[in-house]
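Reader: I would like to learn how to read a protein model feature by feature. Could you walk me through one?

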Amino acid sequence: MNKGGAGGIGRGPTAAAALAAAQKQKTLQQRVDNDIGTLVDSFKFIVNVARVNDQPVRNSHEALMMKMRASRMVQSADSLLKLVSELKQTTTLSRFSTLNDHVEQRTEELNQLADETDGMLARIGDDAAASLTELESHYYSSAIGMNQIDNIK
Amino acid sequence: MDGNMEISVDKLPIKRLESIEENGAERFPNEVGYEERRLNLIHRIDFGWAVDREDSAKKHKKDTSATTTTSKDATKPWPWKSLVENLQAAHQELSVIIDLINTVEVNDAVTVAGMTRPKQLPNELLSDLAVSTATKLQCYRHLGKYFKQSAKGLEQQIAREARFYGALIRLQQNWKVKRHRMAATPGNEGFYIDLFDNSLYDPAASFRPSTMSTVWVEHDAAGMLAINLPQKAVRSLQFGFLCRNSDTAAIQASRIKAVGSDQDPAGECKKEPESDDDCVKNKHAILREVHRAIFDEQVFDLVNREAFNPSLGVNITGIRENYLELNLSQGASVFISLMPHKHEDRVADSADNQNSESALVRSEFFNDSNAKDRTKDPRKKSVFPNRVSCEIFLQQTFHEHVFVQAKKRTTSGGKMHSGQPTIDRSNLLGHFCMSLAHRIFSNKILRELDDLVSRVPYVHLISHPTWNSRTSSWTLSVDVPQSIIYASCQTQKSDKKAKTQFRTKVLVNDCIKVEGEGAPNVVGLFKGTSERICSINRYDCDLADLPMILLQQIASQIIRWLHAEALMVGIKANRDFLCLSFELEQGETLGLVAHVNPEDPLGCISWWLVMDDGFTEEGKLQSQISDTHNRKFLGHLSLDVLYSTLLDLVSLCSGGSNH
């Protein structure tokens with residue numbers, strides 16, 4: 001989430017976006033608090049009812065409450081996991097500054113690579129031209145060129 | 001009960017006078033208290049019948065036990081007998097108590113205030129506690145299993161999400177990742193990758209987004225990111241030559257591009273479990289192939305549009321779906337088409353297959369025909385340029401002048417790459433076709449030059465790469481051998497040095513231009529005298545006349561060189577177009593004449609020695625071989641032999657003059 005504008009006050013859509021971001025941040029924090037609180041409370045309860053009572057009815061009641069608390073703990077953990085997924089999705093879609101920096105860096109690298117490739121191609125062309133000239137002169141003055149003419153004759 | 005029913009009647013609940021004393025005082029019975037009244041009522045219940053029954057039962061048992069003493073001695077006692085008897089006794093007592101309670105409640109005189117459990121014994125207390133503890137322990141164990149199971153599931157989910165988002169973030173480094181909220185389903189967050197290039201949006205060009213521009217991202221069975229592409233969606237640009245010329249009846253086959261034999265465009269990580277890095281690399285490769293396919297589609301779209309605009313160098317000879325056939329000016333035709341990427345898709349798509357097969361010949365046939373041509377004449381080469389290089393040139397032309405320019409316009413600050421000259425953006429296809437035609441034409445010229453040079457040993461061919469797609473240049477060079485130069489230095493009397501190198505340049509642009517140096521103006525011969533010399537002669541010609549013109553140029557340069565050498569040794573010689581003549585005594589002339597014949601397989605330039613007795617008409621060329629006494633064929637001489645011949649002629653002329 002782009003938290004840079006979370007507390008800022010801008011004009012027009014920027015202010016609305018900042019307010020929306022702040023509201024969303026608050027909502028997420030509240031969800032986190034609730035889930036963590038549920039986890040802690042449920043765990044406390046489970047630990048506290050470890051004592052065995054004389055009344056079987058009470059023990060049965062506590063057993064039922066323990067199961068209920070355990071399922072609430074798992075639900076809270078699942079809710080936290082979903083919250084983390086939401087944060088990952090938001091990060092994936094909203095980290096513009098990082099992406100822009102990376103794109104610019106990559107563009108610069110590729111432009112440099114393109115320039116180097118162009119230079120390399122030019123050098124290869126020059127080398128090829130020089131090699132062609134040399135090979136031609138060697139060929140026409142060599143025995144192979146002469147043999148070819150003799151074969152034709 | 002014995003059957004005799006006894007009835008007892010309660011006293012009426014009125015105060016009865018118990019006695020009257022003599023003095024008249026009435027005595028009433030004392031008030032009966034609640035407890036006393038209750039006890040009285042209980043005492044009224046006759047338990048005699050129950051007691052009698054019990055006694056009779058005991059008596060019966062004793063009788064039976066007496067009669068079966070012998071059997072009991074034989075059998076063992078039942079171990080649970082005492083427990084049964086105790087339970088029966090307890091049941092009887094409970095029955096009595098229940099009857100008592102019901103009776104007193106019916107009479108509404110006595111109500112049960114409460115019942116107290118009898119105090120438990122210590123062992124009973126401990127056993128109850130143990131049971132409760134065990135129950136609670138079991139409950140905690142169940143909770144523990146439940147937590148472990150849940151933790152395992154959550155860990156797997158975390159791992160799956162970590163893999164998915166890690167791969168997605170890595171893909172996001174190079175591709176645009178977007179999200180469609182409406183398409184979000186359980187297990188699919190609605191992510192997709194947008195391959196459409198917004199910088200190319202041009203109302204004039206109006207590129208339509210390809211169907212492959214949106215690539216949906218999904219989860220596979222392992223939770224990893226997966227990309228699914230529709231079949232037959234990925235197509236690539238194909239280019240090929242069609243030749244109807246009988247001389248070069250080689251039809252180049254196009255190769256079937258493949259993404260990779262072991263690569264699945266569907267994008268699923270099949271076979272062996274790949275690492276996350278390999279999987280992401282695989283996805284990058286697939287997206288790159290799709291991106292390239294989109295580029296090929298855009299190029300084909302542009303080619304189609306430009307083909308129907310009247311422009312120079314573009315003639316459409318055939319058109320079908322995803323197929324375009326163009327005619328070049330050098331007797332060759334080319335086709336451009338969009339073909340599916342994989343061979344299976346190509347076989348399934350019969351229309352495209354028919355187009356390609358009607359335009360193509362099997363590559364084996366091409367290879368065979370090419371091999372046959374080479375065995376017949378090794379010098380004969382195909383005039384068609386490499387198919388792949390043409391395809392790359394087509395793509396590069398459109399990429400450089402459409403896509404890159406579009407992006408530079410949007411950024412408005414990029415630097416211009418130098419190299420190719422500025423090309424009219426509206427006629428890129430014309431430029432491409434004309435470049436191809438030029439390449440074919442220049443290959444034909446090169447073949448002619450190579451053929452010519454191979455038959456004249458002292459002529460060397462020098463290529464000059466121009467790095468221009470529509471300009472080619474060569475030079476035919478004649479170098480005087482070093483031995484001659486050395487010998488000439490030894491014998492020359494003047495300080496002047498003869499030219500030792502003669503060059504003739506061939507430049508191909510829209511036509512063939514020949515530039516020769518130091519030779520008589522060939523064209524000027526038809527207008528004036530042969531003495532008219534220009535430092536550089538330039539003239540245009542066509543392919544058919546090129547060998548003859550070049551040979552004449554070379555032969556005239558040699559004649560000029562020989563003339564200069566003769567002058568250096570002090571002999572007066574006359575130079576004609578292709579003839580160097582020496583004056584002998586009595587007006588006779590001895591001439592060294594060059595004869596050029598491009599069709600001569602032994603050598604293109606041959607030499608004749610001609611004797612002129614002075615009675616023939618001046619300027620008339622002796623082309624008819626009728627009198628063998630006046631001319632002698634010297635053959636295809638090298639420069640060394642020519643120079644020796646020249647010296648012999650010089651000595652002959654000198655000897656004759658001395659006489």
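Author: Happy to; we will go through chain A, the interface, a sheet, some helices and a glycine. Keep in mind that this is a predicted model.

Reader: Let us begin with chain A. How many helices and strands are there in chain A?

Author: Chain A has 4 helices and 0 strands, and along the sequence its pattern reads α-α-α-α. Of its 153 residues, 23% are buried. The accessible surface of chain A is about 10400 Å², with 58% of that belonging to carbon and sulfur atoms.

Reader: What do the contacts in chain A say about sequence separation?

Author: Take the contacts between residues at least 6 apart in sequence: 61% of them join residues at least 24 apart.

Reader: Now the interface. How much area do chain A and chain B bury between them?

Author: The general idea first: interface size is often given as the accessible area lost when the parts come together. Here chain A and chain B bury about 3800 Å² between them, and 62% of it is on carbon and sulfur atoms. Leu81(A), Gln89(A) and Tyr140(A) supply 16% of the area that chain A buries against chain B, more than any other three residues. Counted by contacts, 43 residues of chain A meet 43 residues of chain B.

Reader: On to the sheet in chain B. In what order do its 4 strands come?

Author: The order is β3-β4-β5-β6 (chain B), in an open sheet with antiparallel pairing. In chain B, β3 (176-179) and β6 (225-227) are at the edges with a single partner strand each, so one side of each has no neighbour in the sheet. On average, neighbouring strands of this sheet are turned by 35° against each other, ignoring direction.

Reader: Which helix packs on that sheet?

Author: Helix α6 (residues 276-307) of chain B does, touching β4 (191-194), β5 and β6 of chain B. The direction of α6 makes about 25° with that of β6(B).

Reader: How are strands β5 and β6 of chain B joined?

Author: By 3 bridges: β5 (residues 214-219) and β6(B) run antiparallel. Within this pair, Val217(B) stands opposite Ile227(B).

Reader: And where is Gly223(B)?

Author: Gly223(B) sits in the loop between β5 and β6 of chain B.

Reader: Is Gly223(B) buried or exposed?

Author: Gly223(B) is buried, and its relative accessible area is 0%. Leaving out residues up to four places away in sequence, Gly223(B) touches Arg160(B) and Phe164(B). Ala162(B) is 61 residues from Gly223(B) in sequence, yet their C-alpha atoms are 9.1 Å apart.

Notes: Residues are numbered from 1 along each chain as its sequence is written. Chains are lettered from A and ligands numbered from 1 in the order in which they are written. This is a predicted model: local features need pLDDT of at least 70, side-chain atom pairs count only at pLDDT 80 or more; totals for chains, interfaces and linings use all residues. Side-chain values use heavy atoms; hydrogens and water are left out. Helices (H or I, at least four residues) and strands (E, at least two) are DSSP runs, numbered from the N terminus. Buried means under 20% relative accessible area, exposed over 50%, partly exposed in between (1.4 Å probe, protein chains only). Contact means heavy atoms within 4.5 Å. Accessible areas come from the Shrake-Rupley method with a 1.4 Å probe; for residues, only the protein chains shown count as cover. Two strands pair if DSSP finds at least two bridges between them. Axes are lines fitted to C-alpha atoms, for helices over the stretch in contact, and angles run from 0 to 180 degrees between N-to-C directions. Buried area is the accessible area (1.4 Å probe) that two parts lose on being put together, summed over both.
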